[in-house]
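Student: I would like a close look at a single part of this model. Please keep to one region and take it step by step.

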Amino acid sequence: MIRTRLVAQRLAFLFLLGCLFFNYPLLSVFNQGGSLFGMPPLYAWLMASWLVLIALLALVVERKHD
Amino acid sequence: MLQGWVIVLASFLYLGVLFGIAWYADHRADHGRSLIANPVVYALSLGVYCTTWTFYGSVGRAAANGIGFLPIYLGPTLLFALAGFILYRMIRVAKSNRITSIADLVASRYGKSQLLGGLVTVIAVVGVIPYIALQLKAVSNSFTILSSYPDIVMPASAGAVPLFQDSALYVAMILAAFTILFGTRHLDATERHEGMVAAIAVESIVKLVAFLAVGAFVVWGLHGGVADIFARAAEVPEVARRLTRADTSAAYGSWGTLIFLSLFAALLLPRQFQIAVVENVDVKHLNRAVWMFPLYLFLINLFVLPVALAGLLHFPAGTVDADTFVLTLPMAHQQEGLALFVFIGGLSAATGMVIVETIALSTMVCNDLVMPLLLRLRWLGLAEKADLSGLLLEIRRWAIAVILGLGYLYFRVAGEAYALVSIGLISFAAVAQFAPVVIGGLFWKGGTRDGAVAGLVAGFVLWAYTLLLPSFAKSGWLPEGFIAHGLFGIELLRPQQLLGLTGLDEITHCLVWSLLANLGAYVGVSLLRVPNAREARQASLFVGGTDLAGHTAWGGSAGVADLLPLAARFLGRERAEEGFLRHARSRSLKSVDELPGDARLANFAETLLAGAIGSASARAMVASVVSEEPLGLDEVMNILDEASQVRAYSRELEQKSQELTRATAELRQANERLRELDRMKDDFISTVTHELRTPLTSIRAFSEMLHEDPKIDLAQRTRFLAIIVSETVRLSRLINQILDLAKLESGRAEWTVAAVDVGEVIREAADSLTALFAEKRVALDMDDLHPGLTVMADRDRLMQVMVNLLSNALKFVPADSGRVRVGAEGTASEVRVRVWDNGPGIHAADHEVIFDKFRQGSGGTDVLTDKPQGTGLGLPISRQIIEYFHGRLWVESTSGAGACFVFTLPRQAGDNNKLATAERESQRGGPAAGAALSDSGGKHNGVRGGSQ
């Protein structure tokens, strides 16, 4: 439940984590040539970290017993 | 086969299906079985965020600068991570205040200001028009391209096409008609549109599936997978440069700016507010949306970059607009069905956006702009009109038509100069101007109406100057020199390098200036003065979540007779009466007429009206019939203080009342105990008097006989004197016992505690009674006495107990055949003494009664058939004594089978503490008048139940 303070705070933590994932300086680490799993590193990083963030969001809000 | 008529037919079929879905959902809602009361539908309907910008424009953006399309979707993901703080709060506030649009929210927050509502509406309409133009452009372009199949022809510039041959005009007209049919069929007090939401959710699925289909076709149908596309792109230098980004701080800055811009847009765009807040059925649905909506965004972006790269690889540079790759790639490979499906997907994206956006805007235009103006124009006489609900719908219909018309106009004027995404970003930057007043309004109580107006005006002006006007200039509707050399040729005023700020892209540039000015003016002007009463009240409602249900801004009052007709004029009589009846029922009243004309009713009417005409107008309307007593700031502050104080008090009160309840219960118990004692005291006194009178009467009778008749012979005289002596003894014993008991009970008895041999005491007591036993010929058996049992006790008192018990037994056994047996034994912790007799025994019910004082004299026990002689004090005194030494005294007996009195005393060893306590108590007892009672007389006994 989003209503509980703890869940809201966990979500806010994920917000900060997302800000870190999607911005400088992490971006510049991946912003280079070459390939990661057959994809440009920057694209691979963004899509993967985005998916991880979504999974974490789901984990936080869908957990039943807290 | 993809002739124009096929496409048109397919489009109308699709719109027809949507309409059917909407109709069905409305139908279900009317029957109380909502289709959209479901978290998944809520999450899907949020997908209205993805318009043709996403569907066609993202690929174009990716073709131009690679990953640069992505921040627009990362921002909303981050917004939903903050859902617990922002969205949840917004929904709660909106629901409790019946807020129906973003303009309403801002107006309501800053004291229900009509000016502010109007201002937000103007900014929203002007700001969103480019966005609507974007949809028209995308749909008409895709139609033109698709209908020239199998050739791939880019559409001519809209300006070059005569007005009535421009497909965008027809698209705009059809969308307007469709939206009017969809959204303005009836007036709902809550501005909710169940059917629309259901249709939007379906559209979200259609556009997602269409895009995924194209993506899959391009990635696996045309290439050997994602890795294959990236590998090929890396080989072409011109394409490969899209795979990385410029590694400059400006590039990262603009990336971050876009993330936060889209975060605000996903919250503040009128259509997002409509879907996320107004159409929200249950705030709990937000839970699911927190991850499902970001997942939707992720999926719809999965193939954007691969499709863009494939398009760049496939078409020679400059021949095909990258915004159309989604459509032209299937067409180039003769996938007619897929191309048509893509067109429908794009149509979904466009119609979804246009429907929700224009409905939201038309509500705002009607409630916050047109109605307040019309109501002010007295010569129209609107204030006197009986039913305005039809007018409200009419205004909304016209607003929809006008907004789409303006969208089309912008498309004709400026649509050609920009790619889809760039047009959309202009709108994003416009709605971002709401961020300071909305978010500030939810978290900061200090914001005032003046501050909000100043912030919005400053932000809007700078947005228009740095972003909107240049878009006209680039299209040739303003002189080019305006961008290159600034207003009036002043270089510092160049709209896209304001004050010489360079190095930023135009969106970041605009946001830096407009949001700085906006925030600065909002905070700065707000701080110029203290919020007035109404602002303070609204602030506490929005920020503190204070529930002011009991306190209202309405100082005065008006009756149902005034308010019901008022509501009926805007809502229609039926809906108004329904609402008032609900309100009456919620106050446990049977009918509307019973409603008192109080402030609560006025408040209810205001909230009801707010749903239909906006909070600011509703306030003005109710004020026109309610004699409002203006509240001063102090009063409002008092109300708020009072509210919090009252809460504190009520908590305290609750605590106190609990304590009181406890205390009352204790008191009641004590009182009952006292009454019982009082009653017992009365009984006691009457019994004592009675007991004293009996011997006294016989003493008096015999004394008188002796006194009056001197001739009584000696034998007779001696017998009389013996009786008198015996009765006197009995009398003094009785008095001694009463005194003794009183002393024991009051704790003033004197105790001499020492080690006492129990066997010795028993023997001594038996010895003193030998004569009486012999007289009645009763056998006394003392074979069971274990030797050497010592306890810490008062020897004389213990003796008293033994004598009591023995004489008691003697009293009730039959003469000649009577037997009494005494036994004493020791365990590790206690000494146990038994006095058994073969008398008639005692009923189980009387086992405790006999230890009460004078119970034989109270008359309360009908088991007594024969009033035994005795004081009735022996057993109570014995029990007092035994309990004083922490022992117990009780009786074991069944009626007709003899009785056995048992007492225990703790052993000397191991009970030093208790005894020490006893000793201390005895010392505290103080000097007592009477010594231990030597109750060795043979006649006394306790009361015994059972028939004797």
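Student: Which strands of chain B does helix α32 lie across, and at about what angle does it run to β7(B)?

Tutor: This is a predicted model, so the description below refers to computed coordinates. Helix α32 of chain B covers residues 795–812 and lies across β2, β4, β5, β6 and β7 of that chain. Its direction is at about 170° to that of β7(B).

The strands themselves make up an open sheet of five, in the order β2-β4-β5-β7-β6 (chain B), and the pairing is mixed. At the edges are β2 (779–785) and β6 (888–893) of chain B, each of which pairs on one side only. From one strand to the next, the twist averages 15°.

Strand β6(B) is joined by six bridges to β7 of chain B, residues 899–906, and the two run antiparallel. Within this pair, W890(B) stands opposite V902(B), a residue of β7(B). A further helix of chain B, α34 (residues 874–884), also packs on the sheet. Helix α34 touches β6 and β7 of chain B, and its direction makes about 130° with that of β6(B).

Key. Residues are numbered from 1 along each chain as its sequence is written. Chains are lettered from A and ligands numbered from 1 in the order in which they are written. This is a predicted model: local features need pLDDT of at least 70, side-chain atom pairs count only at pLDDT 80 or more; totals for chains, interfaces and linings use all residues. Side-chain values use heavy atoms; hydrogens and water are left out. Two strands pair if DSSP finds at least two bridges between them. Helices (H or I, at least four residues) and strands (E, at least two) are DSSP runs, numbered from the N terminus. Axes are lines fitted to C-alpha atoms, for helices over the stretch in contact, and angles run from 0 to 180 degrees between N-to-C directions. Contact means heavy atoms within 4.5 Å.
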